[in-house]
2 protein chains.
Amino acid sequence: MTYCVALKLDRGLVFMSDTRTNAGFDNISTFRKLHCWSAPGKAVITLLTAGNLATTQAVVSLLDERGKAADDRNPSILEQPSMFQVVRLVGETLREVIARQADTGERADAAFNASIIVGGQVGTGATRLFLIYPEGNFIEASADTPYFQVGETKYGRPILVRAFDRDMSFADAVKLLMVSFDSTIKANLTVGLPLDYQLYESDSMAPGPIRRIDMEDEYFNVISTGWGDALKAAFHSLPPFTIPSG
Amino acid sequence: MTYCVALKLDRGLVFMSDTRTNAGFDNISTFRKLHCWSAPGKAVITLLTAGNLATTQAVVSLLDERGKAADDRNPSILEQPSMFQVVRLVGETLREVIARQADTGERADAAFNASIIVGGQVGTGATRLFLIYPEGNFIEASADTPYFQVGETKYGRPILVRAFDRDMSFADAVKLLMVSFDSTIKANLTVGLPLDYQLYESDSMAPGPIRRIDMEDEYFNVISTGWGDALKAAFHSLPPFTIPSG
């Protein structure tokens, strides 16, 4: 399993992913699920991947290779004229990889599937955020739905629904995601630290560094232990219930 | 879908369930999922059901009928000598119903499945709480895991994990469940009001009334609107994050 979230704020994008992958319960590893391509001043594109690791690694590798082999019939992800074309390229690559694996060898139904969040900015276009389905089609985040989650989305969703604000600061957004990830990590063994995150400030055309939160991260531990008490205090701040008599 | 929770407190049991059932997205109905049998001073048994409605209704009807037809080879649920035997009877009934439906007519794999929470007290035994799987086997709540959820369990779980206390009052427990249900209802269309709840005070050997919370319930609306603000306040009560420089 996996948990990845991307938020679309007024001031830009925030990406966070866990790094745990598992094949069964007794085979867990750490793999990066946050990938970024950028050409300074020209394009910044970040991917968050969830699903079959062989599929998502193949997609990322293909996108990487196409950027290097200049005469490939599929142009580089950084040469696309718009975010829409970027997402279409990623979606087609994802569909091709899944189709190739599903057509040969052992059949595993949905096991080759993956979902990908893509966000960024290209040229003079706006900052945009998309969610790509295993079929290769995609939807875009809007003012009504300003964030996407993939993987184990349920445990961490209530706090996003209630506390997200489009005009929140990057620092508050990272804090919010830490709470959402902590709730998920506490409930699902297949989502785990370390976490990767990245900020992108709209119109900067330069990606923020990809930073890592590991088990020794002091601030994350403050959030993780403090959130239980904060939730209890929130619960007790609501008016008490009175059991009806009779 | 469905959402049902039973809590085992020091002072007794608290049961809550939603009442929404759906066959597809365009066919929703209201059905009771909380069922209680009691013989004053002798036995109090409450069931919470999740899963295929035909299966759970058949199980409840069979348990009802066996209580009435005195010469049935399967004795009444109220005639069992212990909670363990009660749960075994319910589990066997559930397995029989699923097996009968799965063996005939159209095959629908897991679609006939159901899970049942059973709690109560029989004779001089202790108050006990069990979760029965579709296979008919079951587990019992303990000090380590003092509550069971069935159905759409994920959205409402973080607040249970953080705010549940074995020695909380019945009123606080109902309030806690309202918060947990509200988070679930806000996230999953197939869980919906009205809610049913029931309290059982250990050693009273008399079931509390089954009460209903509908859309006009003033207190539930206070919780539902207040919880968003309380969560935001909890979030802001945690120390702010500082984005690392460089």
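Reply: In chain A, strand β1 (residues 3–9) runs antiparallel to β10(A), and the two pair over five bridges. Strands here are DSSP E runs of at least two residues, helices are H or I runs of at least four, and both are numbered from the N terminus; two strands pair if DSSP finds at least two bridges between them. Within this pairing, Val5(A) has Gln149(A) of β10(A) as its bridge partner.

The model is predicted: local features need pLDDT of at least 70 and side-chain atom pairs count only at pLDDT 80 or more, whereas totals for chains, interfaces and linings use all residues. Residues are numbered from 1 along each chain as its sequence is written, and chains are lettered from A in the order in which they are written.

The open sheet has five strands with antiparallel pairing, in the order β10-β1-β2-β11-β12 of chain A. Its edges are β10 (147–151) and β12 (211–213) of chain A, each of which pairs on one side only. From one strand to the next, the twist averages 15 degrees. Helix α4(A) packs on the sheet, touching β1, β2 (12–18) and β11 (195–201) of chain A, and its direction makes about 25 degrees with that of β2(A). Such angles run from 0 to 180 degrees between N-to-C directions, with axes fitted as lines to C-alpha atoms, for helices over the stretch in contact.

As for the chain contact, 38 residues of chain A are in contact with 38 residues of chain B, contact requiring C-beta atoms, placed from the backbone, within 7 Å. The elements giving two or more residues to this side of chain A are α3 (157–163), α4 (170–187) and α5 (218–237) of chain A. The largest share, 13 residues, comes from α5(A).

Key:
Contact = placed C-beta atoms within 7 Å.
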